[in-house]
Amino acid sequence: MKYTQNLHTHTSFCDGKHTPEEIVQKALAQGFTEIGFSGHIHTTYSKVCSAEKTEAYRREVRRLKEAYRDRIDIFLGIEYDMYCGVDVSSGYDYVIAGVHALKIDGKYYPFHRALDVVEKLVDEQFGGDGMAYVKCYYETMAKLPEEGKFDIVAHFDSVTRHVEMKPLFDMESKEYLDAAFTALHAIAGKIPFFEVNTGALARGFRTAPYPALPILKEMKRLGLNLILASDAHDGDALTAGFDPAVALMREAGYRETYVLKKSGFEAVPLE
Ligand SMILES: [Zn+2]
Ligand SMILES: [Zn+2]
C-alpha cells in the first residue's frame with residue numbers, strides 16, 4: 001500500500017519551505033486524497049510564528065479548503081506547543097501537541113534546534129548530565145494532557161534527535177526507557193493518537209523515526225493508536241521516511257495505522 005496522507009505539515013507561514021497552496025499542488029501530484037496542515041502555534045519564547053501569522057495561516061488554509069474542495073480534502077490543524085498558553089479548543093480540524101522547549105526556573109529553553117544549542121543546554125542547565133535532560137523532557141511530556149484537549153502527540157521521544165550525532169545519553173539504558181514509559185503511561189488514554197514521526201529521519205539527523213522500537217512495543221502493549229507523520233518542512237518530503245517507519249511499526253507488532261477522513265480518524269491496514 002502507498003501511504004498518501006500526512007497530517008504533520010509545515011508551511012512558509014511558520015518554518016516550512018513552501019506555501020500551503022504549493023503543498024496542496026504537490027499532494028495532488030502524488031495522488032493524495034487528503035492533506036493536513038499543522039503550522040507551529042505562536043509562543044512567547046520562539047520567533048517561528050506570531051499571532052498575526054497564525055491568523056493569516058488559518059485564513060489561507062480555509063480559503064484552500066474551499067478552492068480545492070472537489071479535488072482534495074484539506075484539514076486545518078495546528079501544532080500546539082506546551083507552554084504557549086493559546087486556546088486551540090476550537091477552530092481546528094485536529095490538534096497535534098508537543099514539547100519544543102523545556103521550562104527551567106521560569107525560563108524557556110528550546111531544544112529542538114541545532115546540536116550546539118542542545119549541548120549548551122545540557123552543559124549549563126543540567127551540569128553536562130544528558131540523562132537529567134532526558135528526564136526533564138519526559139517529565140514535561142507527561143504534563144502535556146493537562147494543557148488541553150488534543151488529538152495527536154507530536155514526536156514522542158524527540159529528545160533523541162541529536163543522539164546519533166553525539167551520544168548525549170545512553171539509549172540502551174533502563175533509565176532512559178523508564179523515563180519514557182512513565183510519560184507514556186501518563187499520556188495514554190488522554191490523547192488518542194501518537195505519531196511515528198519521520199522528520200529527523202528525513203532530514204538526516206537520525207537513521208530511525210521517533211519513537212524508538214522499545215517505546216513502540218510498549219505503545220502496542222498498551223493498545224495505543226498510531227499515525228504516520230513526516231513533520232514535513234518541505235513539500236517534497238510529505239511521505240519521506242514512511243517505508244522504514246512502517247517496517248518499524250510492524251516490528252513492534254502493529255498491523256494498522258490511522259488516517260483522517262472527513263468523518264474522523266479511520267484505521268487502515270499497515271502493509
Ligand atoms: Zn514539532
Ligand atoms: Zn512539526
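The axes of helix 3 (residues 115–126) and helix 4 come within 9 Å and cross at roughly 95°. Helix 3 and helix 4 are therefore roughly perpendicular to each other, since angles of 65 to 115 degrees count as roughly perpendicular. Leu 121, Val 122 and Phe 126 of helix 3 make this contact with Gly 130, Ala 132 and Tyr 133 of helix 4. Five of the residues in the contact of helix 3 with helix 4 are nonpolar, one is polar and none is charged. The model described here is predicted.

Helix 4 has a further contact, with helix 5. The axes of helix 4 (residues 130–142) and helix 5 (residues 174–187) come within 8 Å, with a crossing angle of roughly 5°. Helix 4 is therefore roughly parallel to helix 5, since angles under 35 degrees count as roughly parallel. On the side of helix 4, the contact involves Met 131, Val 134, Lys 135, Tyr 138, Met 141 and Ala 142. Their counterparts in helix 5 are Glu 175, Tyr 176, Ala 179, Ala 180, Thr 182, Ala 183, Ala 186 and Ile 187. The residues of the contact of helix 4 with helix 5 comprise 11 nonpolar, one polar and two charged.

| Helices | Axes come within | Crossing angle |
|---|---|---|
| Helix 3 and helix 4 | 9 Å | roughly 95° |
| Helix 4 and helix 5 | 8 Å | roughly 5° |

Leaving aside residues up to four places away in sequence, Val 134 touches Val 159, Phe 169, Tyr 176 and Ala 179.

Six strands form an open sheet in the order 1-2-3-6-7-8, with parallel pairing. Strand 1 (34–40) and strand 8 (225–229) stand at the edges with a single partner strand each, so one side of each has no neighbour in the sheet. Strand 7 (residues 193–197) and strand 8 run parallel and are joined by five bridges. Phe 193 has Asn 225 as its bridge partner in strand 8, and Asn 197 stands opposite Ala 229 in strand 8. Helix 2 (residues 51–67) lies across strand 1 and strand 2 (73–81), and runs at about 160° to strand 2.

The loop between strand 2 and strand 3 (94–98) contains Gly 91. Gly 91 is exposed, with 11 other C-beta atoms within 10 Å; a residue counts as exposed if this number is 12 or fewer. From C-alpha to C-alpha, Gly 91 and Asn 225 are 24 Å apart in space, and they are 134 residues apart in sequence.

Strand 4 (residues 101–104) and strand 5 (residues 107–110) run antiparallel and are joined by four bridges. Lys 103 stands opposite Tyr 108 in strand 5. Strand 4 and strand 5 form a hairpin with two residues between the strands, in which Asp 105 takes a positive phi near 50°.

Conventions. Residues are numbered from 1 along each chain as its sequence is written. Chains are lettered from A and ligands numbered from 1 in the order in which they are written. This is a predicted model: local features need pLDDT of at least 70, side-chain atom pairs count only at pLDDT 80 or more; totals for chains, interfaces and linings use all residues. Axes are lines fitted to C-alpha atoms, for helices over the stretch in contact, and angles run from 0 to 180 degrees between N-to-C directions. Angles under 35 degrees count as roughly parallel, over 145 as roughly antiparallel, 65 to 115 as roughly perpendicular and the rest as oblique. Two residues are in contact if their C-beta atoms, placed from the backbone, lie within 7 Å. Ala, Val, Leu, Ile, Met, Phe, Trp, Tyr, Cys and Pro count as nonpolar, Asp, Glu, Lys and Arg as charged, and the others, Gly among them, as polar. Two strands pair if DSSP finds at least two bridges between them. A residue is buried if 20 or more other C-beta atoms lie within 10 Å of its own, exposed if 12 or fewer, and partly exposed in between; C-beta atoms are placed from the backbone.
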